[in-house]
Amino acid sequence: MSLCWGAAAADAPEDIVATTRAAVASARLTPRDTGSRYGQALGAVELCTGAKVTDKASTLPALYSGEELDIFNAQQKKIYDAWIRVKHCVREDDPNQCKVIIDESCAAALTEIGPKGTAFPGLLEFNRP
């Protein structure tokens with residue numbers, strides 16, 4: 001599965017790119033770190049009820065080029081793929097364990113990259129029904 005998120009990010013307004021670039025610099029995140037958080041945001045959208053990627057998250061791929069973009073993309077894919085494996089979790093000995101893993105992963109995403117995130121805030125919004 002190939003993810004092509006760069007096109008949307010390339011069309012992002014320059015002020016969003018500039019503020020996101022400043023936030024990444026302020027948090028001292030490497031392309032690998034940023035790729036991890038982006039993969040986490042994309043994965044959370046797949047599993048967490050009401051999760052939505054913000055414009056800030058959508059601009060992350062636009063911050064990098066060349067080798068840094070390769071590092072960002074490789075890490076983003078690794079983390080996103082881990083979320084997808086959780087999504088397809090099957091434990092015949094304890095099926096409730098999958099739900100627990102998903103719930104804990106979603107709670108961690110909210111804590112780390114939600115509106116008041118501790119790792120990199122503002123990558124996810126949660127709209128609870």
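Hi everyone, let me start with helices α3 and α5, which are roughly parallel to each other, a label given to angles under 35 degrees, where over 145 is roughly antiparallel, 65 to 115 roughly perpendicular and the rest oblique. Before I go on, please keep in mind that this is a predicted model, in which local features need pLDDT of at least 70 and side-chain atom pairs count only at pLDDT 80 or more, while totals for chains, interfaces and linings use all residues. Residues are numbered from 1 along each chain as its sequence is written, and side-chain values use heavy atoms, with hydrogens and water left out.

Back to the helices. α3 packs against α5 (residues 66–87) at an angle of about 30°, and their axes are 7 Å apart. Those axes are lines fitted to C-alpha atoms over the stretch in contact, with angles from 0 to 180 degrees between N-to-C directions. Helices here are DSSP runs of H or I with at least four residues, strands are E runs of at least two, and both are numbered from the N terminus. The crossing of α3 and α5 is right-handed, that is, the near helix is turned clockwise from the far one by less than a right angle. In this contact we have 12 nonpolar, 8 polar and 5 charged residues; Ala, Val, Leu, Ile, Met, Phe, Trp, Tyr, Cys and Pro count as nonpolar, Asp, Glu, Lys and Arg as charged, and the others, Gly among them, as polar.

Now to the cysteines. The structure has 2 disulfides, meaning pairs of cysteine sulfur atoms within 2.5 Å. One joins Cys-48 and Cys-106, with the sulfurs 2.0 Å apart. What does this link tie together? Cys-48 sits in the loop between α3 (31–47) and β1 (51–53) and Cys-106 in helix α6 (residues 96–113), so the bond connects parts 58 residues apart in sequence. This link is left-handed, with -95° about the S-S bond, and both Cys-48 and Cys-106 are buried. Buried is under 20% relative accessible area, exposed over 50%, and partly exposed in between, using a 1.4 Å probe and protein chains only.

The other bond is between Cys-89 and Cys-98, S to S 2.0 Å, and it is left-handed with -70°. Cys-89, at 23% relative accessibility, is partly exposed, whereas Cys-98 is buried at 8%. In sequence order, the bonded cysteines pair 1-4, 2-3.

One last stop: Arg-28, in the loop between α2 (14–27) and α3. Its phi is near 55°, a positive value in a non-glycine residue. Most residues other than glycine have a negative phi. Arg-28 is exposed, at 74% relative accessibility. Thanks, everyone!
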